[in-house]
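Here is a briefing on the structure shown below. Read it with the model open.

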Amino acid sequence: MTIHSVLIQKLLNTNAHLGRRVAADHFKAYTYGIRNGMAIIDSDKTLIALRSACAFIGAMARQKARFLFVNTNPLFDEIFEQMTKRIGLYNPNQNSLWRTGGFLTNSFSPKRFRSRNKKLCFAPPQPPDCVVIFDTERKSSVIFEAEKLQIPVVALVDSSMPLDVYKRIAYPVPANDSVQFVYLFCNLITKTFLLEQKRFGGTAREDSAAAIPSTNDASKIENHREEAERIEESKSESFGFANDEVLVVPYESLTPVSGDKAEIKELLDKLVVLKFNGTLGTEMGFDGPKSAIEVCNGLTFLDLIVNQIESLNSSYGCNVPLLLMNTIKTNDDTVKVLEKYPKSNIVMLKSFYGQTSENESYPSDHDVEFLSLMKRGTLDALLTQGKEYILVVGSDNVAAVIDPKILKHLVQNKIEYCMEVTPTTSFGMDNDILNASQQKFQLDKIARNSAPQSMDKFKLIDTRSLWVNFRATKRLVDTDALKFENYSVSKGRETAAGSTIRFFDRAIGINVPQSRFWPINATSDLLIFQSDLYTYNNGILVRNAARSNPVNPSIDLGPEFGQVSDFLSRFRSIPSIIELDSLKVTGDVWFGTDITLKGKVNIVAKPGMRLEIPNGVVLQDKDISGPKDI
């Protein structure tokens with residue numbers, strides 16, 4: 001038997017696959033089928049969810065995060081007690097939780113209770129960084145409170161879980177909450193904790209004293225809140241969206257990084273990379289996350305960013321971790337793609353916004369979501385590891401580069417916030433001064449996307465690559481200055497990601513080459529990167545030096561090529577396009593192997609006609625409407 005078969009058999013022995021007679025519609029993704037009127041939970045999906053949950057708990061334990069384990073089912077008491085004792089979280093004087101509404105959200109309010117024969121257990125004044133719930137059906141109120149505080153929740157869910165509760169759980173584990181399965185789950189949590197404690201030393205109990213702030217600390221928190229109110233008032237008076245400006249620095253003017261590996265290692269050890277991974281490939285007919293689409297030489301979006309980070313860590317002996325922000329719809333497929341990288345330092349996170357975008361024409365506000373993530377407790381853990389900056393990478397830009405040259409400039413100049421921008425086609429061609437000297441730009445002149453209608457209206461494009469200083473973010477979190485309700489981005493607004501730049505004192509933009517921004521929104525884009533025009537080196541796309549034209553060819557494929565599967569079937573092999581200027585294909589057209597396209601090529605198949613381009617043909621400056629034109 002394989003290891004996978006053994007694991008599945010263990011799950012079946014715990015009756016984890018037995019659901020309820022009612023299967024909610026949103027839970028059907030986890031069901032294998034219906035038998036005798038009872039939902040059968042897919043054990044493969046349960047196993048994937050267990051891996052994700054344990055990976056997240058392990059990452060939090062590694063960062064010495066604060067955990068709140070919630071259980072009110074007396075059947076699990078003994079299991080619960082054994083687990084907390086082994087991982088060092090058990091306290092015999094506080095092993096009973098008082099079930100009261102607002103336990104988390106009212107933790108800063110004074111409380112007085114009258115009770116008989118009841119034990120009160122008050123957690124430290126600081127909220128937990130993670131909540132783990134074993135009897136989710138009984139503790140939905142805790143889930144609602146945790147969501148208000150943006151605390152990630154790991155919880156068991158069954159087939160009857162209501163949608164309004166389920167969507168608030170960051171890491172749901174679909175399973176029947178039998179005693180056997182709860183024992184298995186607690187055993188996995190225990191082993192995860194012990195493994196992390198063995199690697200890095202110490203237990204949760206040893207750090208508990210440090211987690212409880214003193215009276216002086218409480219007064220400091222209150223002072224921070226008063227300061228935050230003054231900051232917010234001053235911002236509301238002085239900031240107006242139309243008048244907001246950002247200084248844009250040319251990439252060419254940045255000081256180069258020396259060839260000293262020790263210097264580069266010191267820089268990269270301060271960095272964390274966060275990639276948003278919530279975009280589906282639905283618009284391209286791909287059933288799964290867009291990041292799982294093959295881009296170049298059989299590598300996906302995810303492969304490119306992982307290979308780039310692995311190359312840096314290997315070359316310089318540094319430790320740059322990758323955080324992946326998934327959604328419910330992208331998480332499972334992403335786990336499968338990353339199974340080939342068991343030794344990589346990858347932490348899977350789940351988006352609290354729960355939004356999965358099918359189209360990045362108007363993407364979600366990634367920088368707002370990043371700052372919300374920092375408020376959940378991740379920030380303190382990263383600071384304790386010596387991390388100073390985070391690079392936030394957009395979901396579909398395949399050309400994003402982790403550049404030590406930019407990081408060096410940020411560190412030397414104590415920059416708190418930096419957005420990578422690139423000129424629009426029309427503005428960049430007419431403004432060579434932009435590449436030679438720094439300029440100030442109003443934020444309403446920076447487009448959030450590369451849609452064609454943005455090219456003439458805006459001067460710059462936000463590449464969705466964002467560098468943020470952790471200590472500056474910590475200052476904003478401690479003063480409670482991060483309030484996003486006044487800066488929400490509507491779908492109809494095309495302006496740049498300036499909604500969070502206002503919070504930071506030292507913020508700039510860097511004008512990077514256009515080669516750093518190549519979003520893939522259609523199969524026409526795939527044709528460019530799967531052709532001989534691009535190769536990859538250590539996760540970075542490299543343009544073929546044989547092409548003399550600095551601009552990529554213009555490619556327009558008809559709706560027959562719109563879906564990824566149709567695109568792959570209509571090209572037996574991708575043509576050579578090094579010398580191609582433009583290509584337009586309309587109708588039922590099929591391409592053979594070893595085809596070369598040069599100049600301007602226009603191929604139109606008349607309605608009802610199948611037009612096949614034969615193997616080995618060279619088409620240069622051709623208008624083709626039938627076999628005789630080839």
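**Aromatic pairs**

F56 and Y171 are both buried. They belong to a predicted model. Their ring centres lie 4.4 Å apart with the planes at 20 degrees, so the pair is stacked. F56 sits in helix α2 (residues 43-62) and Y171 in strand β6 (residues 171-174), so this pair ties together parts that are 115 residues apart in sequence.

- A pair of aromatic rings is described by the distance of the centres and the angle of the planes.
- The protein has 12 aromatic pairs, with ring centres within 6.5 Å as the criterion.
- F181 and F185 form another pair: their centres are 6.4 Å apart and their planes stand at 20 degrees, so these rings are stacked.
- Both F181 and F185 belong to helix α6 (residues 179-200), where they are 4 residues apart, about one turn of the helix.
- F181 is buried, at a relative accessible area of 0%.
- F185 is buried as well, with a relative accessible area of 0%.
- A cluster joined by ring pairs holds F561, F567, F571 and F591.

**Charges over a ring**

- R570 lies over the face of W590, 4.5 Å from the ring centre.
- R610 also has its charged end over the ring of W590, at 4.3 Å from the centre.

**Overall make-up**

- The secondary structure comprises 18 helices and 26 strands.
- The protein has 630 residues, and 51% of them count as buried.
- Among contacts with a separation of 6 or more, 69% join residues 24 or more positions apart.

- β3 pairs with strand β4 (residues 130-133) in the parallel sense, over 4 bridges.
- Within this pairing, V70 stands opposite I133 in β4.

**Helix α4**

- In helix α4 (residues 140-148), the buried residues are V142, I143, E145 and A146.
- Viewed down the axis of α4, these buried residues fall within an arc of 165 degrees, so they line one face of the helix.
- The cover over the buried residues of α4 includes β3, β4, β5 (153-157) and α5 (163-166).
- Just after α4, Q150 has a positive phi of about 60 degrees.

**Helix α9**

- Helix α9 (residues 261-268) has I264, L267 and L268 as its buried residues.
- Down the axis of α9, the buried residues fall within an arc of 90 degrees, so they line one face of the helix.
- These buried residues of α9 pack against β8 (271-277), α10 (301-316) and α13 (404-413).
- At the start of α9, D260 brings a side-chain oxygen to within 3.1 Å of the backbone nitrogen of A262.

- Strands β19 (residues 534-537) and β20 (residues 540-543) pair in the antiparallel sense over 4 bridges.
- T535 stands opposite V542 in β20.
- The hairpin has 2 residues between its strands.
- N538 lies in the loop between β19 and β20.
- The phi of N538 is positive, about 55 degrees, although N538 is not a glycine.
- N538 has a relative accessible area of 43%, so this residue is partly exposed.

**A positive phi in a strand**

- D621 has a phi near 50 degrees, a positive value in a residue other than glycine.
- Strand β26 (residues 618-624) contains D621.

Methods
Residues numbered from 1 in each chain as written. Predicted model: local features only at pLDDT ≥ 70, side-chain atom pairs only at ≥ 80, totals over all residues. Heavy atoms only, no water. Phe/Tyr/Trp six-rings, centres within 6.5 Å; stacked < 30°, edge-to-face > 60°. Buried < 20%, exposed > 50% of the residue type's maximum accessible area, 1.4 Å probe, protein only. Lys NZ or Arg CZ within 6 Å of the ring centre and 35° of its normal. Arc of directions from axis to C-beta. Contact = heavy atoms within 4.5 Å. Polar contact = N/O pair within 3.5 Å; in protein donor to acceptor, adjacent residues only side chain to side chain. Pairing = 2+ DSSP bridges.
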